[in-house]
Amino acid sequence: MYSQGLIGAKTETTEDESFLAAFQARIDAEEKIEPNDPMPVGYRRTLIRQIGQHAHSEIVGMLPEGNWITRAPSLKRKAALLAKVQDEGGHGLYLYSAAETLGVSREQMTEELLSGKAKYSSIFNYPTQTWADIGAIGWLVDGAAIMNQIPLCRCSYGPYARAMIRVCKEESFHQRQGYEIMMTLARGTPDQKELAQDALNRWWWPSLMMFGPHDGDSQHGDQSMAWKIKRFTNDELRQQFVDSTVPQAQYLGLTLPDPDLKWNDERGHYDFGAIDWDEFWRVVKGGGTMNKERIAARKKAWDDGEWVREAVLAHGEKRKARREAAKMAAE
Amino acid sequence: MANEALLAFVLRLADDHLILGHRLSEWCGHAPMLEEDLAMPNMALDLIGQARALYQYAAEIEGKGRTEDDFAYLRRERDYTNCLMVERANGDFAHTMLRQLYFAAFMEPMWDAIAKSNDATLAGIAEKAVKEVAYHIRHAGEWVIRLGDGTEESAVRMQQAVEDLAPYIDELFDGDEVTAAMAEAGIAPEPASLRAEFDRTVATIFAEAFLDMPAAPFAQRGGRTGRHGEAMGFLLADLQYMQRTYPGAVW
């Protein structure tokens, strides 16, 4: 990793008032904060948590979609899905790298994920039951992710902002691909249309939950806004998502599962029904259908791979020793 | 006959690539490290891409209006003519990487020869594939070396993979009336003629990996005539699930 030199680097700061004021002034001037710059402990901690969660979400997110790689219905779809899931892994890799610039290692973050200490996006604790879920995830879940992530391209922390530019480009391709799957289903046989509607029914509300709790209930909101890690509130982003998704659903001829959804002329936005926050918190806290399976699958991959990772290190040591021995013999 | 032999040959190649690509894709999201979660799908995508080009060509040769997906998804098990090696369950990472090395070491001289084929379509497919397969040899070969010359456990696992896969090597090089017709027409070489180069590629890597070349056991064969192992039916059940559940739908 390009950033490994920074892992465990000295990061203490003396956070007196003038230090904090100078830091905030840089943020307010839209300067990018870079890895070697002094930064408040809280800023560093917030970013490690957020980037780590984001990376974990990409990695855990490979599982529900990966569930359909071997059963994709055509060779074209199989190749596209495989490439998509591979992209998610790539996002995970450069997000872990971005987090490493803040002094935390990928191994450490992985351990936190496997122990349950670190969180990942709760949406991936729902099961992918049918092929249409692959379309719905691309369209809605990647769509919601883009709403969240486009502002992150302007995040005050340089490495995160730059990573997000590439991530967003790929996510937007994924979203179009997902929508195209839904379109094919919606225009297909009655069975296919039913698959599409059923997937939409199951993924709509969890997608709205992806933006997090209402602004009033959000734990980290205000400080993140001040530090320009976040640019919009949860509710602003959620509204933006609803406004852009409703016409897309109408175009597909599918019905969003919300009887309260209607255009509000006065607000210039769609009104929508109440989110089931009990369900949200239940899934966040481990009560979703797939929470246990997702972590078990990651843990199995990690544990089963241990002998491979050990062999890599051992082989590296052996090569090094042989090189040195050859050098000594030559001298 | 000439057309029939060409069709049979193209389908063998296509089936080899589809089935191995499918197996490799099963690793996606479950690899020993994130880098391999990217590398294995890369190779699987190469293989599936090659399979698609070959099935499309098969459809053209046959001329009965079938598509790449008809070949990939709607034949019966006995009609798939992939070699037995590629259909085997993945096993551990050592088994997967050694199988990849073997298949790539077989295909590299094959694609190399087909690139100069009298059949322009196959030559075109080979031209692209030859670059991809060279990468597969490098990637899988490096892993065989690392694991063979890594820890005690990895060396044991690697040697076990060598033993487990040994019975499936000979089938790759079998000839019959199809391969004879291809060789005669200057379309593709007799597989047996590729054995020496395969042995050289593998021997070079095994020497660095401190692995013993496999002893000659009882060879297993049958894939080229559609006689498969028990794992194949389950693989096809996954692969064909959607096409069988929703006949005639377009995806």
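Student: Hi! What does the accessible surface of chain B come to, and how much of it belongs to carbon and sulfur atoms?
Tutor: Hi there! This is a predicted model, and in it chain B has an accessible surface of about 10000 Å². Carbon and sulfur atoms hold 53% of that area.

Student: OK, new topic: what about charges in chain B, how many positive and how many negative?
Tutor: There are 22 positive and 41 negative charges in chain B, and their mean positions are 4 Å apart. For chain A, the counts are 42 positive and 47 negative side chains, with the centres of the two sets 6 Å apart.

Student: Let's go inside. Which residues have the most contacts in the largest nonpolar core?
Tutor: That core has 182 residues, and those with the most contacts inside it include Tyr43(A), Trp131(A), Trp111(B) and Leu122(B). Helix H2 of chain B, residues 34-62, gives the most to this core, with 15 residues.

Student: Why might nonpolar side chains end up together like that?
Tutor: In soluble globular proteins, nonpolar side chains tend to be buried together.

Student: What does Leu122(B) touch?
Tutor: Leaving out residues up to four places away in sequence, Leu122(B) touches Leu6(B), Phe9(B), Val10(B), Leu54(B), Tyr57(B), Ile114(B) and Ile187(B).

Student: One more residue: Val141(A). Buried or exposed?
Tutor: Buried, because its relative accessibility is 2% and the cut-off for buried is under 20%. Val141(A) sits in helix H5 of chain A, residues 132-149.

Student: Which residues is Val141(A) in contact with, beyond its neighbours in sequence?
Tutor: Setting aside neighbours within four places, the contacts of Val141(A) are Ile123(A), Phe124(A), Ala136(A), Trp203(A), Ser207(A) and Met210(A). Take Ser207(A): 66 residues separate it from Val141(A) in sequence, yet the two C-alpha atoms are 5.7 Å apart in space.

Definitions and conventions: Residues are numbered from 1 along each chain as its sequence is written. Chains are lettered from A and ligands numbered from 1 in the order in which they are written. This is a predicted model: local features need pLDDT of at least 70, side-chain atom pairs count only at pLDDT 80 or more; totals for chains, interfaces and linings use all residues. Side-chain values use heavy atoms; hydrogens and water are left out. Lys and Arg count as positive and Asp and Glu as negative; His and the chain ends are not counted. The place of a charge is taken as NZ of Lys, CZ of Arg, CG of Asp or CD of Glu. A nonpolar core is a set of buried Ala, Val, Leu, Ile, Met, Phe, Trp, Tyr and Cys residues joined through side-chain atoms within 4.5 Å. Buried means under 20% relative accessible area, exposed over 50%, partly exposed in between (1.4 Å probe, protein chains only). Helices (H or I, at least four residues) and strands (E, at least two) are DSSP runs, numbered from the N terminus. Contact means heavy atoms within 4.5 Å. Accessible areas come from the Shrake-Rupley method with a 1.4 Å probe; for residues, only the protein chains shown count as cover.
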